[in-house]
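Hi,

Here is the model I promised to pass on.

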Amino acid sequence: MNRLLAKLSLLATTAAAALVFAGPVHAADIKKGEALVNKGGCIACHGAGLDKPIAPNYPIIAGQYASYLFHAMQQYQTKHQTPLYGRNNPIMSGVMAQFSTQDLKDIAAYVSSLKGPLYIRDEVH
Ligand code: HEC
């Protein structure tokens, strides 16, 4: 029993250390997201306000859930593509290649804060 406890406490210590060394976690920055969207030229295809795409098969993204946007954008990046889950769109893969994970969190926070037909949850923005 004591050996089990010792093992468990070692595990807990290791897990705590791993958390400490994982580095700081930054909250999403809406202002930075806005700057990245402007720099990234997203409105050229998704439209002004990101809710008026230039073609019917281009998605409306304004007001979508931030976590949905984040994962969608990440899946366009080559390093996150898997045969089962990766998205494979040459346009968006090209656009997303330049962004870090933190950039994508910031962009998602900004895009989800915009009003659009997909905007449904006032209380979380
Ligand atoms: C040259 C046109 C073009 C530009 C520029 C562009 N996109 Fe896209 N975007 C598309 C197309 C087309 C799709 C649909 C791709 C598909 O079928 O997976 C898409 C898909 C997306 C999606 C997935 C939406 C969903 O609901 O699945 C997100 C999020 C997105 N774009 C964000 C952005 C952001 C942010 C930028 C700017 C940094 C940007 N896009 C720039 C054309 C563009």
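Leaving aside neighbours within four places in sequence, leucine 69 is in contact with Ile61, Gln64, Ala108, Val111 and Ser112, where contact means heavy atoms within 4.5 Å. Leucine 69 sits in helix H4, and at 7% relative accessibility it counts as buried (buried is under 20% relative accessible area, exposed over 50%, partly exposed in between, with a 1.4 Å probe and protein chains only). Its C-alpha atom is 8.6 Å from that of lysine 105, 36 residues away along the chain.

Before going further, two caveats. This is a predicted model, with local features needing pLDDT of at least 70 and side-chain atom pairs counting only at pLDDT 80 or more, while totals for chains, interfaces and linings use all residues. Residues are numbered from 1 along each chain as its sequence is written, and side-chain values use heavy atoms, with hydrogens and water left out.

Back to H4: its buried residues are Leu69, Phe70, Ala72, Met73, Gln74 and Tyr76, and they pack against H5 and H6.

What about the chain as a whole? The secondary structure comes to six helices and zero strands (helices are DSSP runs of H or I with at least four residues, strands are E runs of at least two, numbered from the N terminus). Of the 125 residues, 28% count as buried. Among contacts with a separation of 6 or more, 59% are between residues 24 or more positions apart.

Helices H3 (43-46), H4 (66-76), H5 (90-96) and H6 (101-113) each supply at least two residues of the lining, and H4 gives the most, with five. By type, the lining divides into 19 nonpolar, six polar and one charged (Ala, Val, Leu, Ile, Met, Phe, Trp, Tyr, Cys and Pro are nonpolar, Asp, Glu, Lys and Arg charged, and the others, Gly among them, polar).

Cheers
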